[in-house]
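This report covers strand pairing and aromatic contacts in one model. The sequence and structure come first.

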Amino acid sequence: MKSNLLQELIQLNDEEKLILQQKHEVQKELYTSQESFVVEGEKFLNNNTMIMVRKHTRFIHFPKHKHNYIEVNYVFNGSLNQTVGNERLELRKGDILFLNQHIEHELEACGEEDIIINFIIKPEFFSFVFSYLTTENLITNFLINSLFDHTQNGQYLYFAVSEIESIQELIGKIIVEIMNPSMMSESTIKLYMGLLMVELIKNSDKVKYKDDTHRHQLIVESLKYIEEKYKDASLYELSEKLQQPHYTLSKEIKKATSYTFKELVQEKRLSVAKDLLENTSLAITSIIEEVGYENISYFYRVFKSKYGYTPKQFREQLIKG
């Protein structure tokens, strides 16, 4: 399977053909609409997609840039040389590099055999991780600092894990699932990604480079609580659990995530409702009750505001599609 995928990926795409013909610089308009070089996830992801993969464009130097999403580089074949922050990194086949949206990096031109897979991931994709990861690990701290801390600190995690078979198998499964989607792909990818996070934590001794992070235990525990108790989550119950004044905890959550506790709960409820509409035949009234809403008209209003359709319209679009 991997050899077949390699043969597919080694073929030239249109951008690479143009580069070989004209030897021009990177066409920034393909990646950003901003003056500064900030690669925009919107160029690759639609509103309903939280994660995708694309082959890194070969044969050309990529100048310094940032992203407005989480990027994961995976060396499928060959190698990748890049400068991340002030560190020059040489990634070998099987290595994985996590980059947050605040880190600047530039990449040397890849040769024909250098196949790099870039995972483009919306921050909210990782929200499910907090429901089962402990606070004492570098992955959780990286995600908290990258996704919910607005200090603009650039951070990365570099895993030299080419020899870890379980990690390589999971990465391969995620790539294939994204490239060949099925009805259950979104749920499958989440499960695989969760397992990948666990395997990376178990192999944290393979981290060659990492940026030091502050521990955000209160925020991690708050997010885990929302993931588990979204149906009837209460700030007062959480504050008792964490032994913090509710007003202090409320301020800390808002400061770290830019959302209020109530808004985070609503985001989680809507996400679960969307999953149930997509993947079950439950009646809409049952789904509304399942995610913790009592006022049906209010739920319809916030769901449409979030996704552009009422729940009924959303399900009808799925059937048509």
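S79 has R92 of β6 as the residue standing opposite. The model is predicted: local features need pLDDT of at least 70 and side-chain atom pairs count only at pLDDT 80 or more, while totals for chains, interfaces and linings use all residues. Residues are numbered from 1 along each chain as its sequence is written, and side-chain values use heavy atoms, with hydrogens and water left out.

Strand β5 covers residues 79-84 and pairs with β6 in the antiparallel sense over six bridges. Strands (E, at least two residues) and helices (H or I, at least four) are DSSP runs, numbered from the N terminus; two strands pair if DSSP finds at least two bridges between them. Q82 has L89 as its bridge partner in β6. The two strands β5 and β6 form a hairpin with two residues between them, and G85 in the turn has a positive phi of about 65°.

β5 also pairs with strand β8 (residues 105-107), again in the antiparallel sense, over three bridges. Here T83 has E106 of β8 as its bridge partner. Five of the six residues of β5 are buried (under 20% relative accessible area; exposed is over 50%, partly exposed in between; 1.4 Å probe, protein chains only), so β5 is largely enclosed by the rest of the structure.

## The sheet

These strands belong to an open sheet of five strands in the order β1-β3-β8-β5-β6, with mixed pairing. β1 (38-39) and β6 (87-92) stand at the edges with a single partner strand each, so one side of each has no neighbour in the sheet.

## Aromatic pairs

Rings of Phe, Tyr and Trp (its six-membered ring) pair if their centres lie within 6.5 Å; planes under 30 degrees apart count as stacked, over 60 as edge-to-face and the rest as tilted. By this rule there are eleven aromatic pairs. In one of them, F303 and Y307 have ring centres 4.8 Å apart and planes at 50°, so the pair is tilted.

Both F303 and Y307 lie in helix α11 (residues 296-307), four residues apart, about one turn of the helix. F303 is buried at a relative accessible area of 0%, and Y307 counts as buried at 17% relative accessibility.

## Cluster and charge

Ring pairs link F303 and Y307 with Y293, Y298, F299 and F314 into a cluster. The ring of Y293 also has the charged end of R269 over it, 5.0 Å from the ring centre. A charge sits over a ring if NZ of Lys or CZ of Arg is within 6 Å of the ring centre and within 35 degrees of the ring normal.
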